[in-house]
Amino acid sequence: MVYGYIRVSTDRQTVDNQRFEIERFCAKNDMAVNHWIEETISGIRLPEKRLLGSLLAGVKTGDLIICSELSRLGRSMFMIMSILNLLMQMGVQIWTIKDNYRLGDNIEAKILAFAFGLSAEIERNLISQRTKEALARRRAEGVVLGRPRGSKSTRLKLSGKEAEIQALLDAQVSKSAIARRYGVCRKTVISFIKTHLQPPESGV
């Protein structure tokens with residue numbers, strides 16, 4: 001299955017140019033797009049908040065996604081790398097026209113896997129360090145850490161992590177990063193914070 005993915009940021013932009021680029025590319029390479037995904041939304045939004053999320057959930061091994069350039073997938077490098085890493089693990093290829101990027105079973109994919117693994121490790125180390133510093137500061141302030149005796153959490157995966165999560169929030173770690181750290185979805189983190197913690201006003 002060949003998918004054509006098109007994204008523009010505002011209503012003032014048109015999808016026509018990207019569609020034309022993809023159709024011309026396919027014509028030159030004797031290919032055809034089986035299904036189009038078009039959306040008007042900022043690349044800052046998480047994939048699951050976009051039609052892109054549905055696409056990523058529906059593709060299968062051997063499928064191909066074509067888009068005009070990598071920036072159509074997201075605005076941040078880490079978001080783009082996360083998406084590419086997911087597709088690579090699923091055995092899904094992605095080709096871009098302007099970047100001339102080909103993700104598949106090649107050296108570029110292996111380099112990407114190494115780069116993503118390294119960046120993820122750096123993020124984990126930074127979060128760990130910031131958590132330790134925030135916990136130490138809260139202890140110094142006389143805050144009693146840990147879940148109150150006899151209390152129960154409906155979010156079992158996060159039970160007993162109240163102090164750590166509060167420390168992460170204090171350290172300005174994003175809810176998405178917290179979710180990745182504990183292997184839960186962002187909605188679970190948000191619900192847990194609302195139920196069990198008091199998020200800082202400037203939290204992201």
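Let's start with D30, which sits in the loop between α1 (16-28) and β2 (35-40); helices (H or I, at least four residues) and strands (E, at least two) are DSSP runs, numbered from the N terminus. A quick word on the source: this is a predicted model, where local features need pLDDT of at least 70, side-chain atom pairs count only at pLDDT 80 or more, and totals for chains, interfaces and linings use all residues. Residues are numbered from 1 along each chain as its sequence is written, and side-chain values use heavy atoms, with hydrogens and water left out.

Back to D30. Its phi is positive, about 55°, although D30 is not a glycine. D30 is also exposed, with a relative accessible area of 73%; exposed means over 50%, buried under 20%, and partly exposed in between, with a 1.4 Å probe and protein chains only. N100 is another non-glycine residue with a positive phi, near 55°, and you'll find N100 in the loop between β4 (93-96) and β5 (102-103).

A polar atom of the R50 side chain does lie 2.9 Å from the backbone oxygen of R45. Leaving out residues up to four places away in sequence, R50 touches several others, including Y5, R7, R72 and M79, where contact means heavy atoms within 4.5 Å.

On to H35, in strand β2. H35 is partly exposed, at 41% relative accessibility. H35 and G4 are 31 residues apart in sequence, yet their C-alphas are 6.3 Å apart in space.

Finally, the cores. A nonpolar core is a set of buried Ala, Val, Leu, Ile, Met, Phe, Trp, Tyr and Cys residues joined through side-chain atoms within 4.5 Å. The largest has 20 residues, and among those touching the most other members are Y5, L55 and L84. Two or more residues each come from β1 (2-8), α2, β3 (64-67) and α3 (77-90), with α3 giving the largest share, five residues. Apart from this core lies another, of 15 residues, among them I127, A177, A179 and F192.

How values were computed. A polar contact is a pair of N or O atoms within 3.5 Å; within protein, one must be able to donate a hydrogen and the other to accept it, and residues adjacent in sequence count only if both atoms are side-chain atoms.
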